[in-house]
Amino acid sequence: MKKTIKGYRRPDGSVGIRNYVLILPTSVCANKVAQDISAQVHGSTWLNNDFGCCQIAGDAALTEKTLINVARNGNVGAILVVGLGCEGAEPTHIAQEITKFGKPVSCITIQNEGGTLQCQARGISIARQYAQDLSQQDYEEINVSELILGMECGGSDTTSGLASNPACGVASDLLVNDGGTSILSETTEFIGAEHVVARRAINSQVADDLIKLVVGCEERAKALGADIRGGQPTPGNIQGGITTIEEKSLGCMHKAGHSPLQGVLQYADFPGGRGLWVMDSPGQDIESISGMVAGGAQIIIFTTGRGTPTGNPIAPVIKITANEETFTKMRDNIDIDVSSIMRGESSINEMGEVIYQEIIKVSNGKTTKAEDLGHKEFSIYKIAPTF
């Protein structure tokens, strides 16, 4: 039996499980106006952009790519680009690139509209019309194979590597077996375990790409006079019982399940096909999730041993823990408790199936706790100083 989800088909063929009008600020100077527009438009969302100006070439290009590809995500049905008017991430250029996806898009700037209030009024008018149009769009029954799943772990403890991450790996394998796509992220958390995933690469080139990705990450840190092992595992990880970066990485790798590795993606890039992919991203949870969402992930599963409230403005984030105490203390934030694995009452495969069924439910409209609480954290990866 084919599994289906309620999705929204976009002009470029992509699929969304949410139907947002995205209010997209091109620089930090436009954040407040973008947020205020979104607050007045039901069915809209906005994202925080701390950059967009005075960045050197590499980071400037990465910021622009991330903003453009976030608008490409299937969960976005229409876009209002909001700029100051003089930033490096030029608003009309961003809007022009977004038009290639075939979605409705408009661009306004605070300077051209005559200041904050006039820009807000103009933006609210445009976004409300978009939201009304999207509200009339009917969903389609779409095969689950069109899902792109992002996988994240944060606030990890010993239960993460032993139970919740392996259960997520089962869910990922189930999706891939049904023809879908999964993205594993956080390059710093491959260190010491990269060979484990490289063995599952579809060919030697993909295996080499993964190894080079991790080696390059370490080399960049050394060039800056830093040792990644000084920041990994984090103090919270250590308090949770994780003792070395290799131990943390081996636990992190379990989220990849047992599917063949199809390829390696740069930050915010879309997968070139179905199956399991690895994305180059930092170990910082919000930046990592933001990159996967910009890479097309319509939904995120996020394991946490110690607990975290993190969400995303575009993709629903499902929180999973295998720490019974954390679930009891943070049940307002945690969607799935898989601590029965630790107690020997359930198997990893059984809880993996529970997670997969939750992915399908959320894809069919069920809200996550992060969505209900309004958590919309977003941050773009930055590799160099801002001048």
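**After α6.** I started at G179, which takes a positive phi of about 95° just after α6. Helices here are DSSP runs of H or I with at least four residues, strands are runs of E with at least two, and both are numbered from the N terminus. This is a predicted model, so local features need pLDDT of at least 70 and side-chain atom pairs count only at pLDDT 80 or more, while totals for chains, interfaces and linings use all residues. Residues are numbered from 1 along each chain as its sequence is written, and side-chain values use heavy atoms, with hydrogens and water left out.

**α6 itself.** I looked up the length next: α6 covers residues 158-177, 20 residues in total, and spans 28 Å from first C-alpha to last. That is close to the expected 28 Å at 1.5 Å a residue, the expectation being 1.5 Å times one less than the number of residues. I then checked for bends and found a kink of about 35° at S164, shortly before the proline P166. The bend is the angle between axes fitted to the seven residues ending at a residue and the seven starting there. On burial, 16 of the 20 residues of α6 are buried, so the helix is largely enclosed by the rest of the structure. Buried means under 20% relative accessible area, exposed over 50%, and partly exposed in between (1.4 Å probe, protein chains only).

Strand β9 is residues 181-184. T181 and I183 point one way from β9, S182 and L184 the other, and all are buried. β9 runs parallel to β8 (residues 148-153), joined by 4 bridges, and M151 has L184 in β9 as its bridge partner.

**The open sheet.** Which order do the 4 strands take? I read it as β4-β3-β5-β6, with parallel pairing; two strands pair if DSSP finds at least two bridges between them. The edges are β4 (44-46) and β6 (105-109), each pairing on one side only. Neighbouring strands are turned by 20° against each other on average, direction ignored. The axes behind that angle are lines fitted to C-alpha atoms, for helices over the stretch in contact, and angles run from 0 to 180 degrees between N-to-C directions.

**Around β5.** I79 in β5 stands opposite L22 and has V105 in β6 as its bridge partner. V82 is partnered with I108 in β6. 8 of the 8 residues of β5 are buried, so the strand is largely enclosed.

**Cysteines.** I found 0 disulfides, a disulfide being a pair of cysteine sulfur atoms within 2.5 Å. For C29 the nearest cysteine sulfur is that of C53, 6.5 Å away. C53 has its closest cysteine sulfur in C54, at 3.9 Å, too far for a bond. C29 is partly exposed at 47% relative accessible area, and C53 is partly exposed at 32%.

**Record check.** UniProt (unreviewed entry) puts "domain: D-galactarate/Altronate dehydratase second" at residues 7-134. UniProt positions use the numbering here, feature names are shortened, and annotations may be inferred rather than shown by experiment. The end C-alpha atoms of residues 7-134 lie 13 Å apart, and the span is 44% helix and 21% strand.
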